[in-house]
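Please keep the sequence and the 3D view open while reading.

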Amino acid sequence: MENINDVQELYHFGVLGMKWGIKRNRERTLTKAYDKYNKLLGKGNKYDIKAAKLNYKAAKLKARGKFEKAMKFEGKAAKLTYKATKRREKAGKWARKALKIAYGQKLSKYDAQSGSAGALFLSKYNAEMKR
């Protein structure tokens with residue numbers, strides 16, 4: 001029979017995914033979040049521009065009577081619009097998560113008028129989500 005004192009197990013009560021011995025830097029967390037947020041929004045905007053170009057080509061083809069080819073372009077444009085929407089949703093999810101980590105509170109409780117880097121991030125985030 002095994003004695004309880006003989007069991008050797010390692011228990012970890014830290015944050016999942018964190019490296020051992022590394023302290024969290026809240027400012028760095030926010031900077032990384034801001035960078036990732038901008039990157040995802042940039043990709044979303046890029047997909048929107050491509051979709052608009054494809055819709056324009058489809059309209060020109062419809063005017064010429066080439067409906068089959070126009071439908072193909074419209075389908076591609078719809079896929080790109082979907083991708084852009086997903087990128088924006090992912091950016092918003094990442095922003096909320098990062099602000100919660102950085103400031104320990106929900107996004108709705110954060111004061112955007114405080115004048116910090118977080119306020120700039122939040123105001124930009126809110127402006128993009130209202131589009």
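## Confidence

Over residues 109-114 pLDDT stays under 50, and the model has nine contacts beyond four places in sequence for this stretch. Here pLDDT is the predictor's confidence in each residue, from 0 to 100, and a contact means heavy atoms within 4.5 Å. Where pLDDT is low, the predicted coordinates should not be read in detail.

For the protein chain, the mean pLDDT is 77, and 60% of the residues reach 70 or more. Confidence is lowest in helix α3 (residues 117-130), with a mean of 66, and highest in α1, with a mean of 88. This is a predicted model, in which local features need pLDDT of at least 70 and side-chain atom pairs count only at pLDDT 80 or more, while totals for chains, interfaces and linings use all residues. Residues are numbered from 1 along each chain as its sequence is written, and side-chain values use heavy atoms, with hydrogens and water left out.

## Overall architecture

The protein chain has three helices and zero strands, in the order α-α-α along the sequence. Helices (H or I, at least four residues) and strands (E, at least two) are DSSP runs, numbered from the N terminus.

Of the 131 residues in the protein chain, 24% are buried. Buried means under 20% relative accessible area, exposed means over 50%, and partly exposed lies in between (1.4 Å probe, protein chains only). The protein chain exposes about 10400 Å², and carbon and sulfur atoms supply 55% of that area. Accessible areas come from the Shrake-Rupley method with a 1.4 Å probe; for residues, only the protein chains shown count as cover. Among contacts in the protein chain with a separation of 6 or more, 64% are between residues 24 or more positions apart.

## Nonpolar cores

The largest nonpolar core has ten residues: Tyr47, Ala51, Leu54, Ala58, Leu61, Ala70, Phe73, Ala77, Leu80 and Ala84. Helices α1 (26-64) and α2 (67-103) each supply at least two residues of this core. A second, separate core has five residues, including Tyr37, Leu40, Leu41 and Ala95. A nonpolar core is a set of buried Ala, Val, Leu, Ile, Met, Phe, Trp, Tyr and Cys residues joined through side-chain atoms within 4.5 Å. In soluble globular proteins, nonpolar side chains tend to be buried together.

Tyr47 lies in helix α1 and counts as buried, at 12% relative accessibility. Beyond four places in sequence, Tyr47 is in contact with Leu80, Lys83, Ala84 and Arg87. Tyr47 and Thr81 are 34 residues apart in sequence, yet their C-alpha atoms are 6.5 Å apart in space. With neighbours within four places again left aside, Ala84 is in contact with Gly44, Tyr47 and Asp48.

The structure holds three salt bridges, a salt bridge being a side-chain nitrogen of Lys or Arg within 4 Å of a carboxyl oxygen of Asp or Glu. One of them joins the side chains of Arg88 and Asp48, at 2.5 Å from N to O. Arg88 is in helix α2 and Asp48 in helix α1, so this pair ties together parts that are 40 residues apart in sequence. Arg88 counts as buried, at 14% relative accessibility, whereas Asp48 is partly exposed, at 25%. The side chain of Arg88 also makes a polar contact of 3.0 Å with that of Asn45. A polar contact is a pair of N or O atoms within 3.5 Å; within protein, one must be able to donate a hydrogen and the other to accept it, and residues adjacent in sequence count only if both atoms are side-chain atoms.

Lys62 and Glu74 form another salt bridge through their side chains, at 2.7 Å from N to O. Lys62 is in helix α1 and Glu74 in helix α2, twelve residues apart. Both are partly exposed: Lys62 at 35% relative accessibility and Glu74 at 25%.

## Other positions in helix α2

Glu89 and Lys86 also form a salt bridge, with the closest N and O atoms 3.6 Å apart. The two residues both lie in helix α2, three residues apart, about one turn of the helix. Glu89 is partly exposed, at 45% relative accessible area, and Lys86 is partly exposed at 37%.

Lys72 is placed in helix α2 and counts as exposed, at 54% relative accessibility. Lys72 and Ala58 are 14 residues apart in sequence and 8.1 Å apart in space, C-alpha to C-alpha.
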